[in-house]
Amino acid sequence: MNNRRAILKAAAVMALAPGVTLIAARAAARAPGEPASAANRWGLLIDTTKCGADCTACVSACKTEMGLTSHGRPLSDPQYIRKVDVADPETGMRHSLPVMCQHCAKPACVDVCPTGASMKRADGIVLVDRHRCIGCRYCMMACPYKARSFTHQDETGQKPYLPRGKGTVEACTLCAHRIDAGRQPACVEACAAHGGGAMLFGDLNDPSSPIARRVATQATSRIRADLGLEPAVRYQGI
Amino acid sequence: MRAAVLAILLALAAGLALGSGAAWAEDGRPALPKAKAGPCIAPPQVMRRSHYVMLLHQRDQTLRLGIRGGKASLKECVACHAADGPDGKPIPVNAPGQFCSSCHEYAAVSIDCFSCHATTPAAPQTASSP
């Protein structure tokens, strides 16, 4: 089926007059009433060589977008992205990389959830259905990327598009609310505007998308690929 | 609680039979702040009876299937039904005497939706950010 789509797409490109560039039909807003589709597989490509160790543009943009307020306890304050600094002790090579929910194709958090709250949407976005979350935090223990947080106390001033409250687990939604409206995740926008332009967002299932072309032609890696969870977030330069 | 609800619905039906939808607020039953815009997503009789069925259906549709733009959106209820205070700022829709709470208090219903969901409409700048 993938092949057939590719052929159809290629045909469509060829039908364009020569010289007309096809602007990657990326992230068009989904029509109202239409469900997320397995034809898409949203992902991120992060070039760590462009990611500054001191830069936190993505982290602060995420906090603002999602309305994540601090309760003054950095160890338990919710975070959807964190910057992780790694060093190779032998060579001294250092990297700084943003780590968020990796939106795995085979998410461990979904496997362990006793209520079906941890879920993967058809387009590959891994979410917590907070309507079903009982706050047991099995998913937090199962996640090898430490991507999820727990809301420990009452919240106020939530964003209308991101309800969040006490007693439930939460994590990066890949900005599903923006993707559904045809926009880019907030971190990607902020990285391009105020950071090093290290993040690329797109549809890995669409062979003509910039992200799919790059992962097809350049060496990329996934964190802890050995676990076989098949994350949708890929890194370059580590 | 079931009895209270039945009583409401019966009283409601009587009110409607008399042809006065506005009778709701005039006989000791809760007064509801007026909506900011209209019309509602369904006639008032339907809304009173079935709003929570619609809401609970749509929350699964939106969150689990990713369907946007359905009419029974909690965001949209709040956008229309959160009244403005004297200072021009919106009053939380679940504050005492406000739209969702006045009625629920009367009918002894308690909902947890607003421990997560925003109780006032989006500020204009977030609504229109690119």
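Predicted model: local features only at pLDDT ≥ 70, side-chain atom pairs only at ≥ 80, totals over all residues.
**Ground rules.** I number residues from 1 along each chain as its sequence is written, letter chains from A in the order in which they are written, and take side-chain values from heavy atoms, without hydrogens and water.

**Chain A overall.** I looked up the secondary structure of chain A and found seven helices and nine strands. Both are DSSP runs, numbered from the N terminus: helices are H or I with at least four residues, strands are E with at least two. Of the 238 residues in chain A, 45% are buried. Buried means under 20% relative accessible area, exposed over 50%, and partly exposed in between (1.4 Å probe, protein chains only). I put the accessible surface of chain A at about 11,800 Å², with 57% belonging to carbon and sulfur atoms. That area is from the Shrake-Rupley method with a 1.4 Å probe.

**Helix α6 of chain A.** I checked residues 186-194. A186(A), C187(A), V188(A), A190(A) and C191(A) are the buried ones. Their cover includes β1 (42-47), α2 (57-66), β2 (81-87), α5 and β8 (199-203) of chain A.

**M141(A).** I found this residue in helix α4 (residues 138-142) of chain A. M141(A) counts as exposed because its relative accessibility is 63%.

**The A-B interface.** I counted 28 residues from chain A and 20 residues from chain B in the contact. Contact means heavy atoms within 4.5 Å. The area buried between the chains is about 2,000 Å², and carbon and sulfur atoms give 53% of it. In chain A, H131(A), P160(A) and P163(A) lose the most area to chain B, together 29% of what that side buries. Buried area is the accessible area (1.4 Å probe) that two parts lose on being put together, summed over both.

I then looked for charged pairs. Three salt bridges link chain A and chain B. A salt bridge needs a side-chain nitrogen of Lys or Arg within 4 Å of a carboxyl oxygen of Asp or Glu. I noted one between R132(A) and D60(B), at 3.9 Å, N to O. β5 (126-128) and α5 (176-179) of chain A each supply at least two residues of the side that touches chain B.

**S101(B).** I placed this residue in helix α4 (residues 99-107) of chain B. S101(B) is buried because its relative accessibility is 11%. Leaving out residues up to four places away in sequence, S101(B) touches V93(B), N94(B), A95(B) and P96(B).
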